Amino acid sequence: MQNIENKNVVCNQLVKLMDTDNVYIKNKILRNIYLIKDVDFETYKYIIQKASVDTNYVVRKVANEVQMEIILPG
């Protein structure tokens with residue numbers, strides 16, 4: 001994403017979805033979170049941190065898996 005304004009809109013929307021949407025959407029975001037890592041690392045970390053304390057077990061489990069992939073890639 002070259003345009004900063006577009007980057008901010010996309011990142012803000014992802015954060016809002018993680019706040020309000022259902023487990024299926026959160027799971028999809030988390031499974032593809034690696035795509036945002038190079039775009040906005042702070043948003044990337046925030047989404048993973050937010051998911052790790054989510055009320056839904058599946059979201060927390062996927063967040064943990066994503067964190068393990070960061071630590072032990074491959």
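**Close-up 1. Lysine 61 and its partners.** At a relative accessibility of 39%, lysine 61 is classed as partly exposed, in a model that is predicted rather than determined by experiment. The side chain of lysine 61 meets that of glutamate 65 in a salt bridge, with a distance of 2.9 Å from N to O. Both lysine 61 and glutamate 65 belong to helix α5, where four residues, or about one turn of the helix, separate them. Through salt bridges that share partners, Arg31, Lys61 and Glu65 are joined into one network.

**Close-up 2. The salt bridge between glutamate 65 and arginine 31.** Glutamate 65 also pairs with arginine 31, and their side chains meet in a salt bridge at 3.1 Å, again taken from N to O. This pair links distant parts of the chain, since glutamate 65 sits in helix α5 while arginine 31 sits in helix α2, which covers residues 23-31, and the two are 34 residues apart. Glutamate 65 is partly exposed, with a relative accessible area of 27%, and arginine 31 is likewise partly exposed, with a relative accessible area of 43%.

**Close-up 3. The salt bridge between lysine 50 and aspartate 19.** The structure holds five salt bridges in total, and one of them is formed by lysine 50 with aspartate 19, whose closest N and O atoms are 3.0 Å apart. Lysine 50 counts as partly exposed at 25% relative accessibility, and aspartate 19 counts as partly exposed at 44%.

**Close-up 4. The aromatic pair of phenylalanine 41 and tyrosine 44.** When the whole structure is searched, one aromatic pair is found. Its members are phenylalanine 41 and tyrosine 44, whose rings are stacked, lying 5.4 Å apart from centre to centre with 25° between the planes. Both residues lie in helix α4, which runs over residues 41-52, and they are three residues apart, about one turn of the helix. Tyrosine 44 has a relative accessible area of 4% and is therefore buried, whereas phenylalanine 41, with a relative accessible area of 40%, is partly exposed.

Close-up 5. Threonine 43 is another residue placed in helix α4. Because its relative accessible area is 11%, threonine 43 is classed as buried, the cut-off for that class being under 20%. Leaving aside residues up to four places away in sequence, threonine 43 touches Cys11, Val15 and Ile36.

**Close-up 6. A nonpolar patch on the surface around isoleucine 70.** Met68, Ile70, Ile71 and Leu72 form a nonpolar patch on the surface, and together these residues have about 390 Å² of accessible area. Isoleucine 70, a member of this patch, is found in helix α5, which comprises residues 57-71. With 38% relative accessibility, isoleucine 70 counts as partly exposed.

Technical notes
Residues are numbered from 1 along each chain as its sequence is written. This is a predicted model: local features need pLDDT of at least 70, side-chain atom pairs count only at pLDDT 80 or more; totals for chains, interfaces and linings use all residues. Side-chain values use heavy atoms; hydrogens and water are left out. Patches are made of residues with over 30% relative accessible area and no salt bridge: like charges are joined within 9 Å, nonpolar side chains (Val, Leu, Ile, Met, Phe, Trp, Tyr) within 5 Å. Accessible areas come from the Shrake-Rupley method with a 1.4 Å probe; for residues, only the protein chains shown count as cover. A salt bridge is a side-chain nitrogen of Lys or Arg within 4 Å of a carboxyl oxygen of Asp or Glu. Buried means under 20% relative accessible area, exposed over 50%, partly exposed in between (1.4 Å probe, protein chains only). Rings of Phe, Tyr and Trp (its six-membered ring) pair if their centres lie within 6.5 Å; planes under 30 degrees apart count as stacked, over 60 as edge-to-face and the rest as tilted. Contact means heavy atoms within 4.5 Å.
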